[in-house]
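Work through the exercises below with the coordinates open. Each has a task sentence and a solution in steps.

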2 protein chains.
Amino acid sequence: MSNVVTAFSRAETTAMDAALEAALRGPRGANPLVGAVVVDPSGRQLVTGYHRGAGTAHAEADAIAQAAAAGLDLRGSTMLVTLEPCNHVGRTGPCAQAIIAAGITDVIYAVDDPHDPAAGGAATLREAGVKVRSGLAAGEALELNRDWFLAVAAKRPFVTLHIAQTLDSRIAADDGTSQWISSPESLADNHGLRARIDAILVGTQTVLVDNPRLTARDASGATAGRQPLRAVMGLRDIPPDAAVRGEDGRVLHLPTRDPREALTLLYAAGVRHLMVEGGSRILSAFLAARLVDELIVYLAPTLLGSGTPALDGLGITTLADAQQWEWDQSDGGSVRTLGRDLKLHLRPQTTQPLEPQPSRSGAETAMGGY
Amino acid sequence: MSNVVTAFSRAETTAMDAALEAALRGPRGANPLVGAVVVDPSGRQLVTGYHRGAGTAHAEADAIAQAAAAGLDLRGSTMLVTLEPCNHVGRTGPCAQAIIAAGITDVIYAVDDPHDPAAGGAATLREAGVKVRSGLAAGEALELNRDWFLAVAAKRPFVTLHIAQTLDSRIAADDGTSQWISSPESLADNHGLRARIDAILVGTQTVLVDNPRLTARDASGATAGRQPLRAVMGLRDIPPDAAVRGEDGRVLHLPTRDPREALTLLYAAGVRHLMVEGGSRILSAFLAARLVDELIVYLAPTLLGSGTPALDGLGITTLADAQQWEWDQSDGGSVRTLGRDLKLHLRPQTTQPLEPQPSRSGAETAMGGY
């Protein structure tokens, strides 16, 4: 923690803890989990915000909007936020400007925005006379979005992989039937996720066998407004009449069996959040390559005893080498009930925590370490 | 519900609902889940009891003991209980006598004790001048212990089967390593269960490969006071030096591959609660025969990708024939955290509810229907 150069008050530390906790309420994905808490000069917490996922207000804007709705005056207050406020005009407007406009005079953030340093809002805030400090709870803030930081650093999409399986981890019966192992509520949850991601990936085998549409649809079967890019990975051709082709041209053939290469191609196509859908060979390839940032298991209370296993080999031969995962508490908790199914939410187990880098805030150092 | 011949008051119905709910706090097993609520003449609920499992006080005795501890006088009150009070002097004394001694003047129970009619306490209560009615919430009470009623009727042990598996339902890696897929907390939970059941069953294959002791042990490895009978099923001999032989002679070889035959032999040996431990062939045989009343899955947040699947076939070839299970809310809920593992608790899905039989209470009809 070499970059913690400022002493923080007890109230500031407590407020940052609250911001970290608030961040967990949001969903994982292409955007990091971020929480923000505003305290008045006496240290009293006025308002708490968090980021509800891509396309919605950032945590800072969320907190400021809540304060406005409650008629709270934030002039002279301090904002504690788990990630450096943004400076860019994206879908939601720059947070640095919103903070300045709200009259907030102090900002304490945990870690630098890992993108291009120019994107960070710290310099903008300082230029406007806001006192900016950073590094408080940097380790916790990195841990909160460990997999997102790593994906950003690697310039690849954040990867969500889901498995819809029986208790005995079968994704299809002996005769190939698989519709539907999951409950209607799980299917709806999955379609809700499809509408939020940038791309959905299957293998050519799945296209040839199941012929899926891969569109995001609501309960009535109607197509959602926002649709993911449909990516098909593998060396075989996509049949001309495959349902995945759709009519909007938003389908991409990735002529590779290497998940890393697939991610490079997808990133180049602008994909920042990918959902790996199946089949078992594709699921296994991404898992074996350790390229999965978020694992969702829809677990139906059923047994098949045989049929297609969810995974067909990870190159592991002995228990000591088993892949370790941990329960992800974000987005409503690690276990949720969806109809008769359980939805399990996991992330890769920390092997070693990310080291906070010297902050570039007020220094020359850039966040090149990731 | 042809046996509901008495009208019950709203207070009585409410109290019976509370008794049904209290019953769920207990663990499943060789004894049924039972709850009891005592109300005063104005209908106010005075005390609630439930059965905490084999060897502990029955729900009625639990409620009466709680009242005594709280200095409550139960004379002139009404007890609502989800199962006919017992009449036998077992490990815990007859409840009928305890009810009479407490001065309770009215008893309403949901369903008859399905054992030998002479075991039921209704007649004893009536002879002592207690007003006895039955049939209130009989359907719910049967459903509460559906699998127990069926096991009693079939004169076979109640069967608990557990699987200790990875997320992808492997119970050993390619090289056979399996110690330990589960967390220490799951292992401790399992040993706690071993100390409460009558017998634990494995196949000869498991004895030959894993050479387990099958004793109930505490965290320090010390042997628990109460030990289950160790049953080994299969046609091959148990090696003379097998650990399962132990030193207490409490080992039983069941020379059969038929789970029904194994259960008949175990019932004859006095076993009323059996835990099926493994391996996958034995687990699959009991599941395929639909002889499992309670399914416990210890789910570790790990992936192996290959290795030994928990099950090796249930004779199911298409999804429509998948075995359906439902989440069991008894004993602390259907999902519990045990260290890093989840413990999932399931029971067979109701295909058709048990029909309440005409009550023998106050009639000639015996409970022969089960």
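**Exercise 1. Pairing across the two chains**

Task: Find which residue stands opposite Thr302(B) in strand 13 of chain B, and state how the two strands run.

Solution. The model is a predicted one.
- Step 1: Opposite Thr302(B), in strand 13 of chain B, stands Gln324(A).
- Step 2: Strand 15 (residues 323-327) of chain A is joined to strand 13 of chain B by two bridges, and these strands run antiparallel.

**Exercise 2. The contact between chain B and chain A**

Task: Describe the contact by its residues, buried area and polar pairs.

Solution.
- Step 1: Chain B and chain A contribute 41 residues each to the contact.
- Step 2: About 3300 Å² is buried between chain B and chain A, with 62% of it on carbon and sulfur atoms.
- Step 3: Counting salt bridges between chain B and chain A gives zero, whereas 24 residue pairs are in polar contact (both at pLDDT 80 or more).
- Step 4: On the side of chain B that touches chain A, the elements giving two or more residues are strand 12 (294-300), strand 13 (302-303), strand 15 (323-327) and strand 17 (341-348) of chain B. Strand 15 of chain B gives the most, with four residues.
- Step 5: Sorted by class, this side of chain B has 22 nonpolar, 13 polar and six charged residues.

**Exercise 3. A sheet in chain B**

Task: Give the strand order of the open sheet formed by five strands in chain B, then identify its edges and the helix packed on it.

Solution.
- Step 1: The order is 2-1-3-4-5, and the pairing is mixed.
- Step 2: Strand 2 (45-50) and strand 5 (131-134) of chain B each pair on one side only, so they are the edge strands.
- Step 3: From one strand to the next, the twist averages 15°.
- Step 4: Helix 1 (residues 10-23) of chain B packs on the sheet and touches strand 1 (35-39), strand 2, strand 3 (78-83), strand 4 and strand 5 of chain B. The helix direction makes about 45° with that of strand 3 of chain B.
- Step 5: Strand 4 (residues 106-111) and strand 5 of chain B pair in the parallel sense over four bridges. Ile108(B) stands opposite Arg133(B) in strand 5 of chain B.

**Exercise 4. A salt bridge within chain A**

Task: Locate the salt-bridge partner of Asp189(A) and say which elements the pair ties together.

Solution.
- Step 1: Over all chains, the whole structure holds 31 salt bridges.
- Step 2: Asp189(A) forms one with Arg336(A), and the closest N and O atoms are 4.0 Å apart.
- Step 3: Asp189(A) lies in helix 7 (residues 184-194) of chain A and Arg336(A) in strand 16 (residues 335-338) of chain A, so the bridge ties together parts 147 residues apart in sequence.

Note on methods
Residues are numbered from 1 along each chain as its sequence is written. Chains are lettered from A and ligands numbered from 1 in the order in which they are written. This is a predicted model: local features need pLDDT of at least 70, side-chain atom pairs count only at pLDDT 80 or more; totals for chains, interfaces and linings use all residues. Side-chain values use heavy atoms; hydrogens and water are left out. Axes are lines fitted to C-alpha atoms, for helices over the stretch in contact, and angles run from 0 to 180 degrees between N-to-C directions. Contact means heavy atoms within 4.5 Å. Buried area is the accessible area (1.4 Å probe) that two parts lose on being put together, summed over both. A salt bridge is a side-chain nitrogen of Lys or Arg within 4 Å of a carboxyl oxygen of Asp or Glu. A polar contact is a pair of N or O atoms within 3.5 Å; within protein, one must be able to donate a hydrogen and the other to accept it, and residues adjacent in sequence count only if both atoms are side-chain atoms. Ala, Val, Leu, Ile, Met, Phe, Trp, Tyr, Cys and Pro count as nonpolar, Asp, Glu, Lys and Arg as charged, and the others, Gly among them, as polar.
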